[in-house]
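How do parts of a protein fit together, and where is space left between them? The structure below can be read with both questions in mind.

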Amino acid sequence: MKKYDVVALGELLVDFTENGMSAQMNPVFEANPGGAPCNVLSMLQKLGNKTAFIGKVGKDSFGEMLGDVVAEQGIDTKNLIKDAEVPTTLAFVQTAPDGDRSFSFYRNPGADMLLKETEIDVSLLKSTLIFHFGSLSMTAQGVEATTKMAVETARSAGALISFDPNLRPPLWDSLDAAKEKIAYGISRCQILKISDDEIAFLTGSTNVDEGVAKIQERYHTPLIFATMGKQGSRAYHSGNRVECGPFLNEDTIETTGAGDTFMACVLHGILKYGLDGLDTQKLYDMLEFANAAASIITARKGALKVMPEESDVWKFIQERRM
């Protein structure tokens, strides 16, 4: 028996998101706890799973706040390291009228880039059903080696590997390097969540089905989830292609955390059914639940602290089926 359902490694940071204007007509930014891996774990906790996080923050006020918030969600933080010399990574998120985002990162370096192999509690990697990571923990040489060690250790211990490229071009010295590291992640995972933009970036194809076919031909990934924003999502598994339309939300204010929420929901489905127990109906049900949860989070500021309860997601689905 494994102690954890999902263990994730990667960045934990503060997302400063726009929150109106001050009395002096200056833009106001709200400090929201963020970072894709912990967003995923937070939603998994809401769904009743046991999770743990591996990462590093600064030993500063932001790092202390992040550590407290992550622990409050029920996520095991015993392998959250605090660096006394390098500050916590910060991201400023500008939001377009349609809810889409652009990012400015303060990470040169940030503490998350300096996680060392010797700081990893290997017992976590050997005690989880699923190990989840993204490409941002491979943007610097040292943490890249740490990430790869964690991936290989978890794989050797029998964990399923889950990967989300979560491409953020400003954080890469070159986009060729980003492609190379994303290719590594896909080559090692059994579960891939990838956006339509990332498919086009990686394969050169703007047709999602054609791009996924290229990925499958090269990497033989057993299960691929393609997210397409307002066009919904698709799943590809054992020769089956399943599509589910979106839950468009008139209350959308930003899309931060939507992909992470989706990722958590499909991982929950895999924990429930098993990778080999997925038929087309189960895949559709997983996509529907994940699309609905992702839609809910777009109407909330931030993600990590405000993930929806499972009952809220089912209510949201039922209201839109009527």
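A crossing of two helices is left-handed if the near helix is turned anticlockwise from the far one by less than a right angle, and right-handed if clockwise. Keep that in mind for the first stop. The model here is predicted.

Start with helix 1, residues 36–46, and helix 8, residues 258–273. Two packed helices are described by the angle between their axes and the distance between the axes. For helix 1 and helix 8, the angle is about 50 degrees. Their axes lie 8 Å apart. Angles from 65 to 115 degrees count as roughly perpendicular, and those under 35 as roughly parallel. Helix 1 and helix 8 are therefore oblique to each other. Helix 1 passes helix 8 in a right-handed crossing.

Now look at the residues that meet. Helix 1 brings Ala36, Asn39, Val40, Met43 and Leu44. Helix 8 answers with Asp260, Thr261, Met263, Ala264, Cys265, Leu267, His268 and Leu271. Nine residues of this contact are nonpolar, three are polar and one is charged.

Next, turn to empty space. Rolling a probe the size of a water molecule over the atoms shows where such space is left. The structure holds one cavity of 30 Å³ or more. The largest cavity contains about 40 Å³ of space.

Which residues line the largest cavity? They are Glu11, Ala36, Pro37, His132, Phe133, Gly134, Ser135, Leu136, Asp164 and Asn166. Strand 8 gives the largest share of this lining, three residues. Helix 1 also supplies at least two. By type, the lining has four nonpolar, four polar and two charged residues. Ala36 belongs to this lining, and Ala36 also takes part in the contact with helix 8.

Notes:
Residues numbered from 1 in each chain as written. Predicted model: local features only at pLDDT ≥ 70, side-chain atom pairs only at ≥ 80, totals over all residues. Heavy atoms only, no water. Axes fitted to C-alpha atoms, helices over the stretch in contact; angles between N-to-C directions. Helix = DSSP H or I, 4+ residues; strand = E, 2+ residues; numbered from the N terminus. Parallel < 35°, antiparallel > 145°, perpendicular 65-115°, else oblique. Contact = heavy atoms within 4.5 Å. Nonpolar A, V, L, I, M, F, W, Y, C, P; charged D, E, K, R; others polar. 1 Å grid on protein atoms, 1.4 Å probe; cavity = no way out; pocket = protein on both sides within 12 Å on 5 of 7 lines; lining within 4 Å. Points joined across faces, edges and corners; volume = space filled by probe spheres on them.
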